[in-house]
Amino acid sequence: MGRIYNFSAGPAMLPVEVLKEAAEEMLDYKGSGMSVMEMSHRSKVYEGIIQEAEKDLRELMNIPDNYKVLFLQGGASQQFAAVPMNLMKNKVADYIITGQWAKKAYQEAALYGKANAIASSADKTFSYIPDCSDLPISEDADYVYICENNTIYGTKFKSLPNTKGKDLVADISSCILSEPIDVTKYGLLFGGVQKNVGPAGVVIAIIREDLITEDTLPGTPTMLKYKTHADNASLYNTPPAYGIYICGKVFKWIKNMGGLEAMKEKNEIKAKLLYDYLDESKLFKGTVVKEDRSLMNVPFVTGNEELDAKFVKEAKAAGLENLKGHRSVGGMRASIYNAMPYEGVEALVKFMRKFEAENL
Ligand SMILES: *Cc1c(COP(=O)(O)O)cnc(C)c1O
């Protein structure tokens with residue numbers, strides 16, 4: 001049995017090196033006589049794991065001291081509620097709707113206050129990023145919200161919106177650690193780790209300290225207050241301990257590779273291989289406007305649903321799995337996150353060329 005190339009949008013591939021190391025440490029983590037799954041989150045040895053993970057993440061993302069790093073649970077979807085509950089002081093927030101995840105966050109915020117959809121690309125099935133240079137930002141908006149990389153549609157904000165001085169909140173679930181990012185441009189960043197960093201069950205939130213207050217909406221559960229977790233260094237209750245341990249290994253893996261600049265370069269080379277082929281292909285077509293293409297998620301179609309289905313089936317038989325597009329858009333989608341090797345994309349393009357020759 002060999003490993004396949006898994007193009008799933010998430011949970012997604014993890015680096016083989018990380019999986020091997022975890023396997024080696026499974027029964028006896030560094031002489032502790034137990035696995036990381038079995039140890040107290042209050043133990044010295046676990047404290048070392050979570051503290052080192054935070055330190056490495058801070059180094060990788062160049063996170064300033066006035067930002068807290070939190071390891072949370074509940075998935076990115078829980079942040080759709082946590083964000084308004086913690087930040088909606090005026091009960092007003094502006095949302096840019098670039099896909100389903102942004103829309104879900106917007107709908108959740110509307111439960112707690114006035115959520116304004118100030119821009120949207122719904123008119124063209126979210127195949128582009130709207131011009132965000134001069135939006136009607138609400139005077140009393142508590143924040144402006146974006147989903148920075150749209151996992152389902154394959155678009156990415158290449159420049160951040162002009163928030164006219166308001167704090168920017170971003171869901172970076174599907175682009176976290178894929179390239180360098182200027183944390184100081186955001187008030188709050190969050191991402192589920194199962195796309196690009198680790199096992200499902202961990203959410204990383206990076207929040208500027210002045211946004212962490214007691215002044216949350218009435219009824220905000222203790223567990224959804226950022227302050228609860230910030231005051232306790234992510235150890236208020238039992239954290240997703242094993243997941244954080246794997247994330248820590250992935251941070252080291254990226255550091256060893258040369259950090260986020262090196263990661264970006266690798267990701268650009270991988271994405272270019274696939275996009276260049278899509279641009280020359282007579283059978284396959286990318287669905288996103290070129291300027292807004294994601295480095296991580298690449299949706300494409302043949303224009304014929306039966307042929308799409310045939311492609312997905314034959315690709316799977318060739319060891320290229322999970323290429324079916326999201327159920328809401330159809331077609332195909334190749335997710336090529338950090339852990340997808342160049343060879344995987346190469347194998348995909350080779351297979352696509354063969355399929356094109358056979359089916360055109
Ligand atoms: C996957 C994804 C989510 C949902 O994450 P969960 O952890 O399943 O809640 C939210 N936003 C984006 C951008 C995603 O890619």
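How far is an oxygen atom of the ligand from an N or O atom in the side chain of Lys 195? Keep that question in mind as we walk towards the ligand.

Welcome to the tour of a predicted model, where local features need pLDDT of at least 70, side-chain atom pairs count only at pLDDT 80 or more, and totals for chains, interfaces and linings use all residues. Residues are numbered from 1 along each chain as its sequence is written, and side-chain values use heavy atoms, leaving out hydrogens and water.

**Stop 1: strand β10**

Select residues 203-208, which make up strand β10. Strands here are DSSP runs of E with at least two residues, and helices are runs of H or I with at least four, numbered from the N terminus. Six of the six residues in β10 are buried, meaning under 20% relative accessible area with a 1.4 Å probe, counting protein chains only. Show the side chains: Val 203, Ala 205 and Ile 207 are on one side, while Ile 204, Ile 206 and Arg 208 are on the other.

**Stop 2: the strands beside β10**

Two strands count as paired if DSSP finds at least two bridges between them. Look for Lys 68, whose bridge partner in β10 is Ile 207, and for Val 69, which stands opposite Ile 206. Next, select residues 188-192 for strand β9, joined to β10 by five antiparallel bridges. Here Leu 188 stands opposite Ile 207.

**Stop 3: the whole sheet**

Zoom out to see seven strands in an open sheet of mixed pairing, in the order β2-β10-β9-β8-β5-β3-β4. Each of β2 and β4 (114-120) has a single partner strand, so one side of each is left without a neighbour in the sheet.

**Stop 4**

Select residues 75-87 to find helix α3, which lies across several strands, including β2, β9 and β10.

For Gln 194, a polar side-chain atom lies 2.8 Å from a ligand oxygen atom. At Ala 76, a backbone N or O atom lies 3.0 Å from an oxygen atom of the ligand.

Methods
Buried means under 20% relative accessible area, exposed over 50%, partly exposed in between (1.4 Å probe, protein chains only). Contact means heavy atoms within 4.5 Å. Axes are lines fitted to C-alpha atoms, for helices over the stretch in contact, and angles run from 0 to 180 degrees between N-to-C directions. A polar contact is a pair of N or O atoms within 3.5 Å; within protein, one must be able to donate a hydrogen and the other to accept it, and residues adjacent in sequence count only if both atoms are side-chain atoms.
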